[in-house]
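Here are a few friendly notes to go with your look at the model. Please keep the structure open beside you as you read.

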Amino acid sequence: MTAAIPRIRPLKATDEAQWRHLWTGYLAFYETTVPEEVYASTFARLLGEDPQDFSCLVAEQDGTLVGLTHFLFHRHAWKIENVCYLQDLFADPAVRGTGVGRKLIEAVYAAADANGAPSVYWLTQDFNQTARTLYDRVGKLTPFIRYQRP
């Protein structure tokens, strides 16, 4: 990859193959896979107009997608405004450390501001030290511990 500054933009229908490649890398990092139906459904929802669905921004560098983020606006019982959940963030390993992740997070912050959602939050694995180094600079670590249904 060259050192060109990536352009952050919304996902387009023509991005499907490159998006799949990046999202597969993200899922592999977390040692998981999803069936083909989930790829197809997720991509269709990312391009849809339903405000309940996720949105996607991508980082494009020299015509190649090098990063992605999926995020969602939802209601919160403690706030009048919606909040923004940043579910997935991934930068191609070849561009890590070049600011792609930061630019994607900042673009989600801007989308949240534009949609009147002052709160943006996300989760990560405790072992994800590379990402946590960035997150410590652009966010605030909270004391919450996540539980889920077994």
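Predicted model: local features only at pLDDT ≥ 70, side-chain atom pairs only at ≥ 80, totals over all residues.

1. Cys56 takes part in no disulfide, and the cysteine sulfur nearest to its own, that of Cys84, is 13 Å away. Since a disulfide needs the two sulfur atoms within 2.5 Å, the 13 Å between Cys84 and Cys56 is too far for a bond.

2. Aromatic pairs. There are 13 aromatic pairs in the model. One of them joins Phe29 and Phe127, a tilted pair with 6.0 Å between centres and 40 degrees between planes. This pair links distant parts of the chain: Phe29 belongs to helix α1, while Phe127 sits in the loop between β5 (120–121) and α4 (129–138), 98 residues apart. Phe29 is partly exposed, at 34% relative accessible area.

3. Tyr30 lies in the loop between α1 and α2, 97 residues from Phe127, and is partly exposed at 22%. Phe29, Tyr30 and Phe127 belong to one aromatic cluster that also includes Tyr26 and Phe90.

4. Thr33. You will find Thr33 in the loop between α1 (16–29) and α2 (36–47). Thr33 is exposed, with a relative accessible area of 70%.

Methods:
Residues numbered from 1 in each chain as written. Heavy atoms only, no water. Helix = DSSP H or I, 4+ residues; strand = E, 2+ residues; numbered from the N terminus. Buried < 20%, exposed > 50% of the residue type's maximum accessible area, 1.4 Å probe, protein only. Phe/Tyr/Trp six-rings, centres within 6.5 Å; stacked < 30°, edge-to-face > 60°.
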